[in-house]
Amino acid sequence: MEIQWYPGHMAKTRRMITEQLRNVDAVCEILDARIPLSSRNPDVDGLTAGKPRLVVLNRVDQADPAVTRQWAARFRQGGAAVLETDAKNGAGTARFAAAVRELLAEKLRAYAEKGQAGRVVRVMVLGIPNVGKSTFINRVAGRKTAKAEDRPGVTRAKQWVPVDKGLELLDTPGILWPKFEDPAVGLRLAFTGAVRDEILDTETLACHLAAYLGERYPEALKTGYKLAELPAREEGEDEIAWGCRLLEAAGSRRGFRISGGEIDTERMAKTILDEFRGGRLGRFTLEAPEE
Ligand code: G4P
């Protein structure tokens, strides 16, 4: 499965991060709580080394709460401050300013001692497309304007966004994709909707997702599609072939048929992806820290 990425934009974004680093006090990395590994760009650690780090685990409403707690503990062990948020509904976002000030407590004390108590704290916000970065920034800064143009291939000018009198965010323009070399990473990004469908074959993706759920979360598939039993994976059967059979079973149960009576697998493919992403099949975390 080929997933396109944008090395030109990546190079530009990297340069911008390096240039702007001296202007910020901390880096806020927004991750998708469902895929905290796959939603990171591994270059960020190297590019921002030495800067205090706040990790935001966003989309906690869609993730498995127990695994989110494990991830939060893991990132704290690594020295970062951690915030768990649902930017869409606002849970957790009100703690942002306090979390930043706790993270920078020593530096802020030093400023105060030098008589610079009013100095503005600046935070660079990084996140892959669709992680919820704009929604998060809008929440934290109390902005109402929603952006529409932050899509792959579209860059905006860099901007400073005030949060309060003493705190500003640098909303990074450009794109910082994670690495796609590992096909499992690409798949997880596609399952969660971080990668746009038009660069993937929806049916193939849906078969992968059905197989993943059939393997890890059979009960969710059974409940979601009212299947008494899942078709068993046969000896030597390809994962994707099994996934396609699961998809057909679900499609049949939903009554999705094209003229002639065949199962409308295309419609079922779109449906399972939408329902998975919309949380209607449950809350899932696709990566655990111990794996
Ligand atoms: P980006 O800047 O990182 O590219 O992402 P953006 O904020 O545009 O968010 C992408 C979509 O994800 C939006 O939905 C947004 O509402 C949703 N979202 C952001 N954070 C969360 C979260 O914590 N939980 C959930 N469940 N969703 C989140 P959309 O479908 O594009 O718009 P809308 O339907 O919300 O209007």
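This is a predicted model: local features need pLDDT of at least 70, side-chain atom pairs count only at pLDDT 80 or more; totals for chains, interfaces and linings use all residues.
For helices, an axis is a line fitted to the C-alpha atoms over the stretch in contact, and the angle between two axes runs from 0 to 180 degrees between N-to-C directions. Two packed helices are described by the angle between their axes and the distance between the axes. Here, helix α8 spans residues 202-216 and helix α11 spans residues 265-277; their axes come within 9 Å and cross at roughly 55°. The crossing in which α8 passes α11 is left-handed.

Attention now turns to the ligand. Its surroundings comprise 16 residues, and the closest are Arg59, Asp61, Lys133, Ser134 and Thr135. By class, the shell holds 6 charged, 6 polar and 4 nonpolar residues. Helix α6, which covers residues 133-141, is the element that gives the most to this shell, contributing 3 residues.

At alanine 87, a polar backbone atom lies 2.9 Å from an oxygen atom of the ligand. Side chains take part at aspartate 86, where an N or O atom is 3.3 Å from a ligand oxygen, and at lysine 88, where the corresponding distance is 3.3 Å. Taken alone, the ligand exposes 710 Å², of which the protein buries 68%.

Technical notes:
Residues are numbered from 1 along each chain as its sequence is written. Side-chain values use heavy atoms; hydrogens and water are left out. A residue is near a molecule or strand if one of its heavy atoms lies within 4 Å of it. A polar contact is a pair of N or O atoms within 3.5 Å; within protein, one must be able to donate a hydrogen and the other to accept it, and residues adjacent in sequence count only if both atoms are side-chain atoms. Accessible areas come from the Shrake-Rupley method with a 1.4 Å probe; for residues, only the protein chains shown count as cover. Helices (H or I, at least four residues) and strands (E, at least two) are DSSP runs, numbered from the N terminus. Ala, Val, Leu, Ile, Met, Phe, Trp, Tyr, Cys and Pro count as nonpolar, Asp, Glu, Lys and Arg as charged, and the others, Gly among them, as polar. A crossing is left-handed if the near helix is turned anticlockwise from the far one by less than a right angle, and right-handed if clockwise.
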